[in-house]
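The sequence and structure are shown first.

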Amino acid sequence: MAGNKKLNSGKEAEEKEKGVRLNKFLSDAGVCSRREADRMIEAGRVRIDEHTAAVGERVKKGSKVYVDGKPVKQQDSLILLALNKPVGIECTCDRTNPDNIIDFMNYPKRLIYVGRLDKNSSGLILMTNDGELANRIAKSSEGHEKEYVVRVSKRITDEFLEKMAAGVSILDTVTRPCEVNRIDDYTFDIVLTQGLNRQIRRMCETLNYRVTELKRIRVMNIRLNRLKEGTYRRISESEIMDLMELL
């Protein structure tokens with residue numbers, strides 16, 4: 001037991017000495033997602049101390065990181081917001097995009113979005129300053145539930161609902177079995193535990209249906225409820241506690 005403790009403390013010290021991977025540092029600071037951080041680094045927009053950073057580089061203790069010449073500071077207290085995203089707003093941290101979600105929210109502190117919701121979809125998107133939390137919520141391998149209300153272009157059949165629930169072949173894979181319920185002749189509710197690119201739209205297209213409206217109403221235990229479109233609210237302490245239990 002004592003030997004294991006020494007081994008673990010040795011590994012932790014070694015990791016600390018190596019520093020934090022730059023994309024994780026930027027994500028944890030609430031600048032952007034890790035993937036988008038890598039793109040920014042590749043574009044030469046990120047500097048560590050006096051040199052232009054490279055993808056995969058680590059940030060050591062005492063080093064300073066700059067994005068577009070501005071210093072990046074680590075966040076302290078957790079910010080977690082629920083936004084009711086309108087159609088037309090895009091989940092990107094690229095401020096040159098006129099429809100980017102960051103400028104749309106105009107929040108006074110750095111935030112990143114959790115997962116994605118495509119431009120033509122509306123509803124619940126979580127925003128936070130905690131990159132690690134964002135990654136844990138968005139990680140599709142954990143099977144975290146996301147619920148959507150979907151309207152399609154033609155009358156829904158029992159066969160369509162059964163095929164959607166059983167799994168549909170898209171993007172060289174078969175989607176995971178999921179819960180699907182009819183709301184009316186043209187609208188259904190679906191609960192996904194994965195996040196493939198434009199998954200619901202692709203599933204419907206494969207079955208010869210076209211999505212006309214798509215709205216996310218829940219991410220894990222956090223619900224959209226009656227939040228007005230285009231507005232946001234702080235996630236309550238009790239919701240955060242329940243979320244942490246699920247994670």
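## Strand pairing and burial

In this predicted model, strand 8 (residues 112-114) and strand 9 run antiparallel and are joined by three bridges. Within this pair, Tyr113 has Met127 of strand 9 as its bridge partner.

Strand 9 also pairs with strand 7 (residues 80-85), again in the antiparallel sense, over six bridges. Here Gly123 in strand 9 is the bridge partner of Lys85. With strand 15 (residues 211-219), by contrast, strand 9 pairs in the parallel sense, over two bridges. Ser122 stands opposite Lys215 of strand 15.

Why can strand 9 be described as largely enclosed by the rest of the structure? Seven of its seven residues, 122-128, are buried, so the strand is largely enclosed. The cut-off behind this reasoning is a relative accessible area under 20%. As a general point, side chains in a regular strand alternate between the two faces of the sheet.

Strand 10 (residues 146-152) pairs with strand 15 in the antiparallel sense over seven bridges, and Val152 has Val211 in strand 15 as its bridge partner. Strand 16 (residues 222-223) runs antiparallel to strand 15 and is joined to it by two bridges. In that pairing, Arg218 stands opposite Arg223 of strand 16. Strands 15 and 16 form a hairpin with two residues between them. Met220, which lies in the turn, has a positive phi of about 55 degrees.

The pairings are set out below.

| Strand pair | Sense | Bridges |
|---|---|---|
| Strand 7 and strand 9 | antiparallel | six bridges |
| Strand 8 and strand 9 | antiparallel | three bridges |
| Strand 9 and strand 15 | parallel | two bridges |
| Strand 10 and strand 15 | antiparallel | seven bridges |
| Strand 15 and strand 16 | antiparallel | two bridges |

Thr173 belongs to strand 12 (residues 173-174). Is this residue buried, partly exposed or exposed? Thr173 has a relative accessible area of 34% and is therefore partly exposed, since that class lies between the limits of 20% and 50%.

Leaving aside residues up to four places away in sequence, Thr173 touches Val168 and Leu196. Thr173 and Cys204 are separated by 31 residues in sequence, and their C-alpha atoms are 15 Å apart in space.

Note on methods
Residues are numbered from 1 along each chain as its sequence is written. This is a predicted model: local features need pLDDT of at least 70, side-chain atom pairs count only at pLDDT 80 or more; totals for chains, interfaces and linings use all residues. Side-chain values use heavy atoms; hydrogens and water are left out. Buried means under 20% relative accessible area, exposed over 50%, partly exposed in between (1.4 Å probe, protein chains only). Helices (H or I, at least four residues) and strands (E, at least two) are DSSP runs, numbered from the N terminus. Two strands pair if DSSP finds at least two bridges between them. Contact means heavy atoms within 4.5 Å.
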